[in-house]
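Look at the structure first, then read on.

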Amino acid sequence: MLIIGIAGGSGSGKSTVVRRITDSFRASDVVVIPQDSYYRDQSSVSVEDRKKLNLDHPDAIEWDLLIEHLGKLRNGESIQQPIYSYITCTRAAETNTVHPAKIIIVEGILIFTCAKLRDLLDIKIFVDADADDRVLRIIARDTVERGKSVSDVMIRYEETVKPMHLQFIEPSKRYADIIVPQGGHNVVAIDILNSLIEKNIRHTE
């Protein structure tokens with residue numbers, strides 16, 4: 001089994017890189033574990049206060065559960081992955097059953113900020129992108145997928161996304177084994193990554 005961590009700022013193109021990798025292997029050989037599934041449940045917080053939550057701070061993630069689940073997958077056990085809603089900031093009562101696979105991809109903005117999690121990653125990839133490009137992607141994503149207005153997205157970007165990126169996410173780049181500029185549009189980098197993954201998988205079989 002190979003566990004790959006893919007980090008990078010919000011809107012950097014991580015999901016595209018993940019998709020480019022998963023498309024290169026059999027579906028049964030790859031499992032994606034999104035960091036976002038492990039945001040702490042905020043059902044005990046008022047609806048008004050949920051709007052003020054800082055989801056770009058490492059404390060927003062239940063790292064112990066994510067680490068426990070990765071350990072189980074590595075040991076050949078299935079897990080019950082939480083289902084988190086950005087709209088309500090709560091977890092669903094249901095869970096997703098995830099089975100072990102040859103390739104486990106852990107994806108999220110903050111995954112390199114947790115030392116215990118970094119120790120479980122065989123390959124650490126940081127997806128880099130210019131701040132202007134990331135802002136445009138964040139606006140497009142949050143207005144369509146998360147029901148936010150452009151004004152709300154920009155306020156959140158200035159108050160939390162940008163400062164948290166500078167404080168936590170950008171510095172975590174130093175832990176990466178590979179840095180991918182331009183995200184999933186960097187065809188050369190994706191080809192190199194896929195070759196590296198194939199090589200490592202052969203060595204673990």
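The bend at a residue is the angle between two fitted axes, one for the seven residues ending there and one for the seven starting there. Helices (H or I, at least four residues) and strands (E, at least two) are DSSP runs, numbered from the N terminus. By that bend definition, α6 bends by about 50° at Y157.

This is a predicted model: local features need pLDDT of at least 70, side-chain atom pairs count only at pLDDT 80 or more, and totals for chains, interfaces and linings use all residues. Residues are numbered from 1 along each chain as its sequence is written, and side-chain values use heavy atoms, leaving out hydrogens and water.

**Helix α6**

Helix α6 covers residues 150–169. Its end C-alpha atoms are only 23 Å apart, while a straight helix of 20 residues would span 28 Å at 1.5 Å a residue. That expected span is 1.5 Å times one less than the number of residues.

The buried residues of α6 include V153, Y157 and F168. Buried means under 20% relative accessible area, exposed over 50%, partly exposed in between (1.4 Å probe, protein chains only). The buried residues of α6 pack against β1 (2–8), β6 (123–128) and α5 (131–145).

| Residue | Relative accessibility |
|---|---|
| V153 | 3% |
| C89 | 7% |

V153 lies in helix α6. Beyond its neighbours within four places in sequence, V153 is in contact (heavy atoms within 4.5 Å) with I138, I139, D142, T143 and K148. V153 and D142 are eleven residues apart in sequence and 6.9 Å apart in space, C-alpha to C-alpha.

C89 sits in the loop between β3 (79–85) and β4 (90–98). Phi of C89 is near 60°, a positive value in a residue other than glycine.
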